Amino acid sequence: MDSRFPLVAPSLLAANFLEIGKEVDMVNRSEADWLHLDVMDGQFVPNISFGLPVIAQVTQRAQKVCDVHLMIEHPEQYAEAFKKAGADILTVHAEACVHLHRNIQQIKSLGMKAGVALNPHTPVQILENVIADIDVVLVMSVNPGFGGQSFIPQTLPKLRQLKALIQQHGSQALIEVDGGITVANAASVVAAGADVLVAGNTVFSAPDPEAVIRQLKQSGN
């Protein structure tokens with residue numbers, strides 16, 4: 001793996017929302033590479049998080065790549081709005097897209113990198129015919145909707161399968177993993193093929209979040 005990897009993407013869903021500006025500043029100061037922003041609609045997942053007005057303000061303050069993860073139905077209706085709000089990467093769920101290839105092309109035509117997320121039960125083979133067009137594959141290592149869940153062990157062989165699929169098709173897609181990432185399991189996740197680690201509670205609940213981000217960055221060594 002390239003020495004730049006893994007990339008680390010702290011998830012703002014776990015931040016203190018009363019201090020959101022300070023939390024973004026901490027990520028800016030840290031060795032983090034991306035800032036992960038989870039958008040939930042209460043329909044695709046059983047929770048509601050934050051939306052366009054919050055993201056538009058966060059992206060103005062953030063100095064990192066803004067990685068927006070849409071856990072929503074009909075994401076194509078909002079792609080242009082998230083571009084205007086400052087998203088650099090826009091990830092949609094394969095399970096929410098009837099016309100996934102069209103969704104990917106729409107995101108890229110708007111000037112964003114296109115990500116596709118897979119829930120724990122969704123096989124990687126569903127991406128076989130679009131993997132060459134995807135910039136990021138986000139593998140959910142918990143069931144989406146809530147922070148603080150434990151990592152699903154079956155994710156590790158799934159990552160290896162995805163890595164093989166990417167290599168088979170000559171894709172440049174990065175593998176991102178979201179859910180239950182800790183300092184203790186990060187190295188095994190990276191060894192299985194992950195390029196990007198999303199970490200929420202592990203970072204924002206720590207006494208020294210910047211030190212934890214630094215430790216996660218070193219998990220590929």
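**View 1. His 93 and its bridge partner in strand β5.** His 93 is bridged to Ala 117 of β5. Strand β4 (residues 89–93) and β5 run parallel, joined by 5 bridges. Strands are DSSP runs of E with at least two residues, helices are runs of H or I with at least four, and both are numbered from the N terminus. Two strands pair if DSSP finds at least two bridges between them. This is a predicted model: local features need pLDDT of at least 70, side-chain atom pairs count only at pLDDT 80 or more, and totals for chains, interfaces and linings use all residues. Residues are numbered from 1 along each chain as its sequence is written, and side-chain values use heavy atoms, with hydrogens and water left out.

**View 2. Strand β5 and its pairing with β6.** Buried means under 20% relative accessible area, exposed over 50%, partly exposed in between (1.4 Å probe, protein chains only). β5 also pairs with strand β6 (residues 136–140), in the parallel sense, over 4 bridges. Gly 115 stands opposite Val 136 of β6.

**View 3. The two faces of helix α2.** Helix α2 spans residues 52–61; Ile 55, Val 58 and Thr 59 are buried in it. Down the axis of α2, the buried residues fall within an arc of 100°, so they line one face of the helix. That arc is taken from the directions from the helix axis to the C-beta atoms. Pro 53, Gln 57 and Gln 60 are exposed, on the face turned away from the buried side.
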